[in-house]
Amino acid sequence: MSALSISLSGLQAAGQRFEASARRIVAAGAEAGNSLVAAASPAGDTSADGGAQGSGRPTGSGRIGFAPDMASAMVDMMQAEISFKANARVAGRIGDMQKAYLDMMGSADRR
């Protein structure tokens, strides 16, 4: 039973790691979006076009791209997914082994 509990705690840890990484990605995206909005609207500009000067783009706007924290969070998220899948397989194998053991013990009692 201890192997199963270890696998289940691994599943829980991977799920928590995945959620924490997702939160970091959202926070980094929101921060990048806020930076873009701040760069796009100069102080005191209340025009409807947001400071665009004939180009169709707000002045000062750049590409959002990936923040280093966002990229590392995505890597962590992928690692958590792999860890979750591996722990789920282990739990499944343990369950199969326990079932086989119980089947074997049941057939031995019938003799």
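**Entry 1: Leu11**

I looked up Leu11 and found it in helix H1. I take helices (H or I, at least four residues) and strands (E, at least two) as DSSP runs, numbered from the N terminus. The model is predicted: local features need pLDDT of at least 70, side-chain atom pairs count only at pLDDT 80 or more, and totals for chains, interfaces and linings use all residues. Residues are numbered from 1 along each chain as its sequence is written, and side-chain values use heavy atoms, with hydrogens and water left out.

Is Leu11 buried or exposed? Leu11 is buried, because its relative accessible area is 16%. Buried means under 20% relative accessible area, exposed means over 50%, and partly exposed lies in between (1.4 Å probe, protein chains only).

I then checked the contacts of Leu11, where contact means heavy atoms within 4.5 Å. I left aside neighbours within four places in sequence, and Leu11 is in contact with Phe84, Asn87 and Ala88. I also looked at Ser83: Leu11 and Ser83 are 72 residues apart in sequence, yet 7.5 Å apart in space, C-alpha to C-alpha.

**Entry 2: Asn87**

Next I went to Asn87, which lies in helix H2. Asn87 is buried, because its relative accessible area is 17%. Which residues does Asn87 contact, leaving aside its neighbours within four places in sequence? I found Ser7, Gly10 and Leu11.

**Entry 3: Ala3**

Ala3 lies in helix H1. Ala3 is partly exposed, with a relative accessible area of 41%. Ala3 and Val90 are 87 residues apart in sequence and 8.8 Å apart in space, C-alpha to C-alpha.

**Entry 4: the two helices**

I counted 2 helices and 0 strands in the protein. How do the axes of H1 and H2 run? The axes of H1 (residues 2–40) and H2 (residues 68–109) come within 8 Å and cross at roughly 160°. H1 is therefore roughly antiparallel to H2. Axes are lines fitted to C-alpha atoms, for helices over the stretch in contact, and angles run from 0 to 180 degrees between N-to-C directions. Angles under 35 degrees count as roughly parallel, over 145 as roughly antiparallel, 65 to 115 as roughly perpendicular and the rest as oblique.

By class, the contact of H1 with H2 has 18 nonpolar, 10 polar and 5 charged residues. Ala, Val, Leu, Ile, Met, Phe, Trp, Tyr, Cys and Pro count as nonpolar, Asp, Glu, Lys and Arg as charged, and the others, Gly among them, as polar.

**Entry 5: helix lengths**

I checked the spans, taking the expected one as 1.5 Å times one less than the number of residues. H1 has 39 residues and should span 57 Å; its end C-alpha atoms are 57 Å apart, which agrees. H2 has 42 residues and reaches 61 Å from its first C-alpha to its last, close to the 62 Å expected.

**Entry 6: what is buried**

In H1, I noted buried residues including Ser7, Gly10, Leu11 and Ala14. What covers the buried residues of H1 includes H2. In H2, the buried residues are Met70, Ala73, Met77, Ala80, Asn87, Ala91 and Ile94. Their cover includes H1. An α-helix has 3.6 residues a turn, so residues three or four places apart point the same way.

Buried residues make up 17% of the 111 residues in the protein.
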